[in-house]
Amino acid sequence: MMSWLMAGLLFTPLAWAVVSLLVGFRTGRWLSWVGMVLQVGASVALWFAVARESGFYYALGGWQAPLGIELQVDGLALTFVLLTAAVASACGLHAGVYLDPDKPWQRYFWPLFWFLWAGLNAVWLGADLFNLYVGLELITLSAVGLVALGGDAGALRASLRYLLAALVGSMAYLLGVALMYGQFGTLSLAGMSHLAQEYPGLEGAGLAMALMMTGLALKTALFPLHGWLPPAHGIARSPVSALLSALVVKASFFIAARLWLELGPNLGTLALAQLAGVLGALAVLWGSWLACLQPQLKQVVAYSSVAQIGYLFLLFPLTWGVTEAVSQQAQQGMTLQVISHALAKAAMFLAAGNLILSTGSNRVSDLAGVSRFLPFSLFSFGLAGVSLMSLPPTGGFAAKWLLLQASLNSGQWWWTLVLLAGGLLSAAYVFRIYRASFVEHSELDQFYHPPRRLEAIPMMLALMSLGLGLVAEPLLSVMALPFGEGG
Amino acid sequence: MSVHLLYAFAGAGVFTIGLFGMVFMVHLLRKLLAFNLMGSGTFLVLVGLAQHRNGVDPVPQALVLTGIVVAIAATALALVLIRRYFHLTGQVTLEPGSRDDEGHS
């Protein structure tokens with residue numbers, strides 16, 4: 001039973017990717033709908049299995065580490081698997097209608113989509129550093145391909161910039177892995193954490209840690225390494241931007257968080273933790289500020305991603321050298337922030353895609369009059385914005401509330417200022433879009449009306465992110481599912 | 001200093017040269033070659049550093065093999081993109097060209 005589930009989660013996407021490479025866009029769409037049902041089913045079944053017993057290690061195909069691939073199914077991984085199933089399915093459904101099936105290169109959407117999904121699942125479930133690297137590269141290469149699907153020179157330039165930045169990040173990470181292996185002689189994260197506890201004060205490992213963190217920060221677009229993100233996310237087709245912002249940047253952050261939580265107590269330093277926090281804080285302020293200035297709608301949303309990613313890096317100072325309870329709070333806040341940002345940002349990009357489809361322009365100033373013709377999509381955009389502003393009862397509010405408490409309880413009050421300022425600034429850029437769209441006199445009197453399904457999907461995602469604050473407790477209980485050694 | 005450590009230091013040096021090229025080179029193909037140099041440096045560290053025990057450790061060899069496959073895939077993707085980009089714009093660098101400015105106005 002369990003082996004079927006694990007095989008389902010990792011091999012269904014790979015198989016679907018290969019098969020959909022052979023067929024056209026329309027057949028691929030049918031195939032992918034079946035695949036999405038399978039994936040969601042497998043993810044939910046894995047949840048029930050872990051809730052019934054406990055988390056476990058799983059050796060793929062019976063091959064044990066170090067040469068086999070070892071998977072670690074714990075609460076955190078499970079939360080992300082479920083999130084991926086929800087968001088990727090929504091984006092896939094949206095893309096099936098949104099993308100123009102008559103453009104010949106669009107048929108490559110489905111293979112890339114499925115490779116991306118396979119890579120994401122591999123990262124959430126990976127238990128050793130090298131397989132995490134492979135998963136990360138699979139994600140990067142398919143994400144770059146998806147950005148390039150736009151086909152024009154701007155899309156290619158953005159995707160090349162993205163690819164080069166991501167490759168430098170991967171190489172820095174891989175060099176860190178090489179140093180770690182030289183130091184510890186193991187690749188397993190759990191084994192490394194054990195060894196680091198036994199032999200404290202290893203200097204080479206600190207350098208390796210810093211290298212890996214830098215590489216991952218580059219791939220997560222942490223300020224000031226965020227330059228590649230806004231062009232890539234802004235220029236990609238809307239369902240692709242939604243996937244990239246909601247899930248892809250979270251993969252490298254997830255690895256950084258895993259590394260930090262396992263190895264940070266022994267190999268991290270106060271300076272590294274505070275540095276990550278300060279950069280995160282600067283990302284919040286700088287990203288939100290630039291989002292207020294962008295003339296193009298999708299660039300606004302993309303810069304808002306830079307800002308929201310910044311909050312995630314507050315995890316580092318809030319879990320270093322603090323009590324267990326505070327660390328727990330910070331981790332819960334981080335998880336909720338990832339989930340609520342994934343849902344809200346996917347909703348926002350998809351709604352922005354509808355608005356652009358309707359007005360035929362990417363500029364904020366051209367939104368005039370759209371509030372009459374497309375109130376539903378605009379409303380989804382706003383609901384997602386409410387979650388980004390972190391007003392109650394949204395998921396964003398619950399996340400920031402936990403982070404706020406963690407920073408007060410650990411005596412690091414200065415992070416609360418960042419949390420408050422970030423909320424205000426995000427309100428500013430969301431209202432800016434609204435102001436533009438309520439202008440009545442518009443030169444445009446022809447608005448294209450996108451199909452209902454395109455409008456329903458972002459609305460559902462936005463409602464999920466809105467209701468997240470109400471179901472935060474049961475959601476966090478998934479993360480806290482017990483983890484057993486056997487499997 | 002043992003010979004393995006020498007390999008590791010050489011690898012770190014090659015990596016640094018590659019990183020330098022990645023940051024300061026402008027031509028896209030040169031950037032791509034610099035990336036491959038970074039890869040080679042990393043693989044040298046991976047194989048060189050991990051040989052400190054008796055006998056040959058098979059794990060780094062397997063890792064490097066996988067790493068090479070990943071690097072080839074990345075290089076191939078980058079080449080396809082660069083080629084298409086060159087066909088569309090006639091440019092070999094990422095410097096914002098005239099088309100970008102037109103898009104904004």
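Analyst: Of the 105 residues in chain B, buried residues make up 38%, and the model from which this is computed is a predicted one. The secondary structure of chain B comes to four helices and zero strands, and from the N terminus on the elements run α-α-α-α. Among contacts in chain B between residues at least 6 apart in sequence, 54% join residues at least 24 apart.

User: Why is B:Leu6 called partly exposed?

Analyst: B:Leu6, which lies in helix 1 of chain B, has a relative accessibility of 46%. Buried means under 20% and exposed means over 50%, with partly exposed in between, so at 46% B:Leu6 counts as partly exposed. The C-alpha atoms of B:Leu6 and B:His27 are separated by 32 Å, the two residues being 21 apart along the chain.

User: How do you know which parts of chain B carry the annotation "transmembrane region", and what is the secondary structure over residues 33–50 and 62–82?

Analyst: The annotation comes from an unreviewed UniProt entry, where it covers residues 6–26, 33–50 and 62–82 of chain B. In the model, residues 33–50 are 94% helix and 0% strand, with end C-alpha atoms 26 Å apart. Residues 62–82 are 100% helix and 0% strand, and the end C-alpha atoms of that span lie 30 Å apart.

User: What makes up the contact between chain B and chain A?

Analyst: The contact takes 43 residues from chain B and 33 residues from chain A. Between them the two chains bury about 3,300 Å², 81% of it on carbon and sulfur atoms. The count of salt bridges between chain B and chain A is zero, while three residue pairs are in polar contact, both residues being at pLDDT 80 or more. On the side of chain B that touches chain A, helix 1 (3–24), helix 2 (28–49), helix 3 (58–89) and helix 4 (98–104) each supply at least two residues. The largest share of that side, 17 residues, comes from helix 3 of chain B. By type, the residues of this side divide into 26 nonpolar, 10 polar and seven charged.

User: What makes A:Arg26 and A:Asp102 a salt bridge, and are they buried or exposed?

Analyst: The closest N and O atoms of A:Arg26 and A:Asp102 are 3.5 Å apart; a salt bridge requires a side-chain nitrogen of Lys or Arg within 4 Å of a carboxyl oxygen of Asp or Glu, so the pair qualifies. The pair links distant parts of the chain, 76 residues apart, with A:Arg26 in helix 2 (residues 25–52) of chain A and A:Asp102 in the loop between helix 3 (75–98) and helix 4 (109–125). A:Arg26 has a relative accessible area of 44% and is therefore partly exposed, whereas A:Asp102, at 59%, is over the 50% cut-off and so counts as exposed.

User: How many salt bridges does the whole structure have, and where do A:Asp74 and A:Arg258 lie?

Analyst: A search over all chains finds four salt bridges. In one of them, the side chains of A:Asp74 and A:Arg258 meet at 2.6 Å, N to O. A:Asp74 is in the loop between strand 2 (70–73) and helix 3 of chain A, and A:Arg258 is in helix 10 (residues 238–267), 184 residues apart. Both A:Asp74 and A:Arg258 are buried. A:Lys219 and A:Glu137 also meet in a salt bridge, at 3.5 Å, and both of these residues are buried.

User: Why is A:Thr335 counted as buried, and which residues does A:Thr335 contact?

Analyst: A:Thr335 has 1% relative accessibility, which is under 20%, so A:Thr335 counts as buried. The place of A:Thr335 is in helix 14 (residues 324–359) of chain A. Leaving aside neighbours within four places in sequence, A:Thr335 is in contact with A:Leu76, A:Thr79 and A:Met479.

Terms used: Residues are numbered from 1 along each chain as its sequence is written. Chains are lettered from A and ligands numbered from 1 in the order in which they are written. This is a predicted model: local features need pLDDT of at least 70, side-chain atom pairs count only at pLDDT 80 or more; totals for chains, interfaces and linings use all residues. Side-chain values use heavy atoms; hydrogens and water are left out. Contact means heavy atoms within 4.5 Å. Buried area is the accessible area (1.4 Å probe) that two parts lose on being put together, summed over both. A polar contact is a pair of N or O atoms within 3.5 Å; within protein, one must be able to donate a hydrogen and the other to accept it, and residues adjacent in sequence count only if both atoms are side-chain atoms. Ala, Val, Leu, Ile, Met, Phe, Trp, Tyr, Cys and Pro count as nonpolar, Asp, Glu, Lys and Arg as charged, and the others, Gly among them, as polar. UniProt positions are given in the numbering used here, feature names are shortened, and annotations may be inferred rather than shown by experiment. Buried means under 20% relative accessible area, exposed over 50%, partly exposed in between (1.4 Å probe, protein chains only).
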